[in-house]
Amino acid sequence: MEDTTRTGGMEKRIELEKRGRKPAEITEFVLDNCRSTNIVGLTDEFVALESLSLINVGLTSLKGFPKLPNLKKLELSDNRISSGLNLLHTSPKLTHLNLSGNKIKDLDTLQPLKEFKNLKSLDLFNNEATNMDNYREKVFSLIPSLRYLDGYDIDDCEVDSDGEDDEVNGNDDGDGDANEDDSEEVFFLSASDEEDEDDLEDGGVLLDSVYKDLEDESDEEDYVVEADEEEDDYEYEDEEDEQEEQQQEDSSPARGKKRKHEDGVESGN
């Protein structure tokens, strides 16, 4: 009864995640934490599926795993899988397989994986198999196509996330191998472009500051010149007013009589 309930959980989750789409239109499916002991509801109709995540579902086996010819990335971490990896053979394009946190105990359980010609990345963290002598050497020897085991290559160099994404997404040259040269070239070009953009932005900010300062100085000079011109105008107008008043005084009759009187006094003396 318990298994039936848990199994039904996966079917309901699949219907929910479909969101009205047809199975053949779906390329990515996330069914994490849906709780089921085996695969149900996931059928061969999902022919376009490239990425499938079944993390922490409670799987004890891969019984019922469908034929997914285009599947490249499969997440099965934190389940209870101990065998049955041969059931994955219906997905020959698989490049990334995460089995960390399961019940895989020995190298014999991993034997079916040697048939995968495109498998580049394999994760087996928290499995008993990782405790065997020469574990890494044995797994790399078992799976010739493998390039990364538990995040590191055969020389213990950490995986390049960009490179891994290219492999998982199937960006290769047609020979099954990811095109490392192309991915690296694109990365460096992108970094250079970003630096150029930063320089241009910095230069633009500096030039804007210089132009703003020049405009401010020009405005101040214009203000000073205008102020000086206004002051000169005021002085000129004052001089004109004084000359005008003097002319009026000279021409007035009272002023003329006064001057005659003064002249007569002087002559009498």
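A note before I start: UniProt positions are given here in the numbering used for this structure, and the annotations may be inferred rather than shown by experiment. I am working with a predicted model.

The unreviewed entry places "domain: U2A'/phosphoprotein 32 family A C-terminal" at residues 132-150.

Next I traced the strands. Six of them form an open sheet in the order β1-β2-β3-β4-β5-β6, and the pairing is parallel. Which strands are at the edges? They are β1 and β6 (148-149), each of which pairs on one side only. I then picked out β3 (residues 73-75) and β4 (residues 96-98), which run parallel and are joined by three bridges. Here Glu75 stands opposite Asn98 in β4.

**Aromatic rings.** I searched for ring pairs and came away with one aromatic pair. The ring centres of Phe29 and Phe46 are 5.3 Å apart with their planes at 40°, so I logged the pair as tilted. Phe29 belongs to strand β1 (residues 28-30), while Phe46 sits in the loop between β1 and β2 (51-53).

**Cysteines.** How many disulfides does the structure hold? I found zero. I also checked the exposure of two cysteines. Cys34 has a relative accessible area of 10%, under the 20% cut-off, so I noted Cys34 as buried. Cys157, at 40%, is partly exposed.

Methods:
Residues numbered from 1 in each chain as written. Predicted model: local features only at pLDDT ≥ 70, side-chain atom pairs only at ≥ 80, totals over all residues. Heavy atoms only, no water. Phe/Tyr/Trp six-rings, centres within 6.5 Å; stacked < 30°, edge-to-face > 60°. Helix = DSSP H or I, 4+ residues; strand = E, 2+ residues; numbered from the N terminus. Disulfide = S-S within 2.5 Å. Buried < 20%, exposed > 50% of the residue type's maximum accessible area, 1.4 Å probe, protein only. Pairing = 2+ DSSP bridges.
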